[in-house]
Amino acid sequence: MLDNMPRGTIYIEDLEVGMSRSLRKVVTDEDIEMFARVSTDHNPVHMDEAYAKDTIFGGRIAHGMLTAGLISAVIGEQLPGHGTIYMGQSLKFMAPVRPNDMVLAEVEVTDIDMKKRRVELDCRCLVDGKPVLKGHATVLAPSKKLD
């Protein structure tokens with residue numbers, strides 16, 4: 001990881017609409033191979049360059065959910081951070097991520113419901129400034145009063 005954002009917890013009482021956090025990561029062949037082992041998704045578009053060259057992508061691509069996992073990392077480590085519980089996530093894959101692409105994963109607070117401890121987040125991943133993933137997450141944020 002190449003991010004420099006602090007890790008830990010931002011309690012719901014300290015969150016503000018517009019707050020954002022991000023990380024940068026180069027997606028490597030090893031990442032793709034490990035994701036295939038963990039997920040059991042060995043689709044040749046991810047694993048076999050000869051096969052993938054004959055697809056609409058013209059070469060190997062990373063698993064979409066590997067890219068989405070970078071959003072999870074920002075949410076779980078930075079915003080809101082440790083103790084956050086996912087309630088829902090929508091994702092739209094806009095373009096492929098290829099081996100050795102540098103992905104910028106960004107998360108921004110769009111709404112806070114203090115009573116229910118729910119936080120709405122816009123999520124996106126970019127490669128070379130171009131969106132490869134867009135989405136929205138709803139999370140249960142940690143609270144100073146309850147944690």
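Leu-15 is in contact (heavy atoms within 4.5 Å) with Ile-10, Leu-79, Pro-80, Val-109, Ile-112, Val-119 and Ala-141, leaving aside its neighbours within four places in sequence. The structure is a predicted model, in which local features need pLDDT of at least 70 and side-chain atom pairs count only at pLDDT 80 or more, while totals for chains, interfaces and linings use all residues. Residues are numbered from 1 along each chain as its sequence is written, and side-chain values use heavy atoms, with hydrogens and water left out.

Leu-15 also belongs to the largest nonpolar core, which has 31 residues. A nonpolar core is a set of buried Ala, Val, Leu, Ile, Met, Phe, Trp, Tyr and Cys residues joined through side-chain atoms within 4.5 Å. Buried means under 20% relative accessible area, exposed means over 50%, and partly exposed lies in between (1.4 Å probe, protein chains only). The residues with the most contacts inside the core are Leu-15, Ile-71, Ile-75, Val-107, Val-119 and Leu-121. At least two core residues come from each of H4, E3, E4 and E5. Helix H4 gives the largest share, seven residues. Helices (H or I, at least four residues) and strands (E, at least two) are DSSP runs, numbered from the N terminus. In soluble globular proteins, nonpolar side chains tend to be buried together.

Pro-80, a contact of Leu-15, sits in the loop between helix H4 (64–77) and strand E2 (85–93). The peptide bond joining Leu-79 and Pro-80 is cis, with omega about 0°. Pro-80 is buried, and its relative accessible area is 0%. Its neighbours within four places in sequence aside, Pro-80 is in contact with Gly-8, Thr-9, Ile-10, Leu-15, Ile-75, Leu-121, Val-139, Ala-141 and Pro-142. Among the residues with the most contacts inside the core are Leu-15, Ile-75 and Leu-121. Val-107 is 27 residues from Pro-80 in sequence, and the two C-alpha atoms are 9.8 Å apart in space.

Two residues other than glycine have a positive phi. Asn-100 has a phi of about 80°. This residue lies in the loop between E2 and strand E3 (102–113). Asn-100 is exposed, at 56% relative accessibility. For Asp-128, phi is near 55°. Asp-128 is placed in the loop between strand E4 (118–127) and strand E5 (130–140). Its relative accessible area is 72%, so Asp-128 counts as exposed.

Charged pairs were examined next. A salt bridge is a side-chain nitrogen of Lys or Arg within 4 Å of a carboxyl oxygen of Asp or Glu. Side chains of opposite charge can pair when their charged atoms come close. The whole structure holds six salt bridges. One of them joins Arg-7 and Glu-77, with the closest N and O atoms 3.9 Å apart. Arg-7 lies in the segment before strand E1 (20–26) and Glu-77 lies in helix H4, so this pair ties together parts 70 residues apart in sequence. Both partners are partly exposed: Arg-7 has a relative accessible area of 44%, and Glu-77 has one of 31%.

Arg-124 takes part in a salt bridge with Glu-106, at 2.8 Å from N to O. Arg-124 is in strand E4 and Glu-106 is in strand E3, so the pair ties together parts that are 18 residues apart in sequence. Arg-124 is partly exposed, with a relative accessible area of 24%. Arg-124 also forms a salt bridge with Glu-108, where the closest N and O atoms are 3.4 Å apart. This second pair again links distant parts of the chain, with Glu-108 in strand E3 and Arg-124 in strand E4, 16 residues apart. Glu-108 is partly exposed, at 27% relative accessibility.

A disulfide is a covalent bond between the sulfur atoms of two cysteines. The criterion applied is a pair of cysteine sulfur atoms within 2.5 Å. By this rule the structure has zero disulfides. Cys-123 is in no disulfide, and the nearest cysteine sulfur, that of Cys-125, is 8.3 Å away. Cys-125 is likewise in no disulfide, its nearest cysteine sulfur being that of Cys-123. Cys-123 is buried, with a relative accessible area of 2%. Cys-125 is buried too, at 0% relative accessibility.
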